[in-house]
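Hello! Here are some notes to read alongside the model; please keep the 3D view open and find each place as you go.

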Amino acid sequence: MAKRLYIETVGCQMNMLDSEMVVASLRKSDFELTSDVEQADVILFNTCSVRQHAEEKIYSALGKLRQLKQLRPDTIIGVLGCMAQKDQRHVLDRAPFVDLVIGPGQLHRIAELIDRAGGAESAQLAVSLERRDADRRQVMRSHETFDPLRDPEMRPTPYQAYLRIQIGCDKFCTYCVVPMTRGPEQGRSPDEILAEARVLADQGCLEVTLLGQTVNSYQYRKGEQTVRLPDLLESLHAISGIERLKFVTSYPKDMTDGLLQAVRDLPKCSPYLHVPLQSGSDAILKRMKRGYTVSQYRDMIERVRQTIPGAAVSSDFIVGFCGETYQDYQQTVEMLRWCRFKNSFIFKYSVRPGTRAAERLPDDVPDGVKRQRNNELLAIQNSISETENLAFIDRQVDVLIEGPSKKAARGHSEISALQLMGRTHCDRIVVFDGPDQLVGQIKPIRIDRVTPHTLLGSLVD
Ligand code: 5AD
Ligand code: SF4
């Protein structure tokens, strides 16, 4: 009989993709998914370490399994991903009943490790080398990318897929734990990337989103030649079946003219860029070691606007970083107003052990102040998003239809069962009524109303 697998995933798109790979590989070993944790033979949490809050939620979810493990000791419980790599054995101090601790660079071993955990006395620990433990080559090799199995049933929709082109990060922003948990930056070989994209196209995938922590810093040495993101985009563009190409997350300093021209000249490239600014104050950017000034970021945005008119740009911000004064914060507000992002993700600074900021800079902005700045920035961004969306009223946009809207999916009583959702080429969410046979197609929609995060419209006959 098939074994039952329950998996919960938090964090970024990389984690979503890792979970997709884990499930695809376990399905090959005769597992089937269950949404009922009580029924599962194997329970996995794919975790995130970017903020403390995300970790606390996982430890509290694990705590709830203590009793289940006592009642059914054969159930295998695993902690995967960044928290596994960061905390390693310490996961077991807080949750001694855990059977598996597997870092993101070791997930290709998941099936074998579950097998071993079955008969083992002690927990199976599989983590990658830490940077200081060995030379760069060895550390790189211990962070293996896990990409080979593409299973359309395992994606949120079969028409869209993430494709990893880069693992790790070498930027070492002082607040960030990712260079530790995901290891050194490594570009995947273009041959592997193209082969995987062809598989995706054959499976009916229309939209491919390329993933990397600093995706636009992608490079791969091939003999004398260095392949960069614009070269990759050009090759991917030639694959028939793929209609849309996106890439996240971009690093401001590496947004070259060549890349912007590629996005402009290749019609399948979405006019959408996610380029986190983090702060609008030079003093804070320097303390974050982001590698650019506010004025360089402004120049980059101006180049985007000139080269790709109408492009949507989105950002991330951290409020309440070490030493952030009211004046620093006001400069962030000013930049937020000037940049006119499509949307922004805003986070309160969270100290991450092992980072430069944790070691050298005091976390001196009170939580209440962080919260207030967070809420205020969100309100300003919402009003900008709504104003930007107003420009879409009475316009026709091409929408890749993903499925029922959130409300329709929940069976909301006043909402028609046929309320569908999709996205424009520039990544805006569109909601409209239509038959569900349209799911997986690109159709023109006329927009008649907007909110900060959604365009509402109707099908064009
Ligand atoms: N505290 C708060 N936010 C953080 N981010 C990364 N590290 C931290 C931290 N220590 C945010 C950044 C990044 C996003 C993915 O998470 O804004 O772009
Ligand atoms: Fe973290 Fe900075 Fe790398 Fe992004 S670029 S993953 S914020 S270290």
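This is a predicted model: local features need pLDDT of at least 70, side-chain atom pairs count only at pLDDT 80 or more; totals for chains, interfaces and linings use all residues.

**Notes on the structure**

1. Let us begin with a loop. Asp30 is placed in the loop between α1 and β2 (31-33); helices (H or I, at least four residues) and strands (E, at least two) are DSSP runs, numbered from the N terminus. Asp30 has a positive phi of about 70 degrees, although it is not a glycine. With 45% relative accessibility, Asp30 counts as partly exposed. Here buried means under 20% relative accessible area, exposed over 50%, and partly exposed in between (1.4 Å probe, protein chains only).

2. Residues are numbered from 1 along each chain as its sequence is written, chains are lettered from A and ligands numbered from 1 in the order in which they are written, and side-chain values use heavy atoms, with hydrogens and water left out.

3. Another residue with a positive phi is Arg340, whose phi is near 50 degrees even though the residue is not a glycine. Arg340 belongs to the loop between α14 and β16. Its relative accessibility is 32%, which makes Arg340 partly exposed. For a further backbone feature, go to the peptide bond from Val248 to Thr249, which is cis, with omega near -5 degrees. Thr249 sits in the loop between β13 and α11 (257-265).

4. Next, look at Thr209, in strand β10 (residues 207-211). Is Thr209 buried or exposed? Thr209 counts as buried, at 9% relative accessibility. Which residues does Thr209 contact, leaving aside its neighbours within four places in sequence? They are Ala161, Tyr162, Leu163, Lys246 and Val248, where contact means heavy atoms within 4.5 Å. The C-alpha atoms of Thr209 and Gln13 are separated by 9.7 Å, and these two residues are 196 residues apart along the chain.

5. Now for charges. The structure holds 31 salt bridges, a salt bridge being a side-chain nitrogen of Lys or Arg within 4 Å of a carboxyl oxygen of Asp or Glu. One of them joins Asp18 and Arg182, with the closest N and O atoms 3.1 Å apart. Asp18 lies in helix α1 (residues 13-28) and Arg182 in the loop between α8 (178-181) and β9 (186-187), so the pair ties together parts that are 164 residues apart in sequence. Asp18 is buried, with a relative accessible area of 2%, and Arg182 is buried as well, at 8%.

6. The ring centres of Tyr297 and Phe341 are 6.5 Å apart and the planes lie at 65 degrees, so the pair is edge-to-face. Rings of Phe, Tyr and Trp (its six-membered ring) pair if their centres lie within 6.5 Å; planes under 30 degrees apart count as stacked, over 60 as edge-to-face and the rest as tilted. Tyr297 is buried, at 0% relative accessibility, and Phe341 is buried at 0%. Tyr292, Tyr297, Phe317 and Phe341 form one aromatic cluster.

7. Finally, visit ligand 2. Among the residues around ligand 2 are Cys169, Cys173, Cys176 and Arg290; a residue counts as near if one of its heavy atoms lies within 4 Å. How do the residues of this shell divide? Seven are nonpolar, two polar and two charged. In this scheme Ala, Val, Leu, Ile, Met, Phe, Trp, Tyr, Cys and Pro count as nonpolar, Asp, Glu, Lys and Arg as charged, and the others, Gly among them, as polar.
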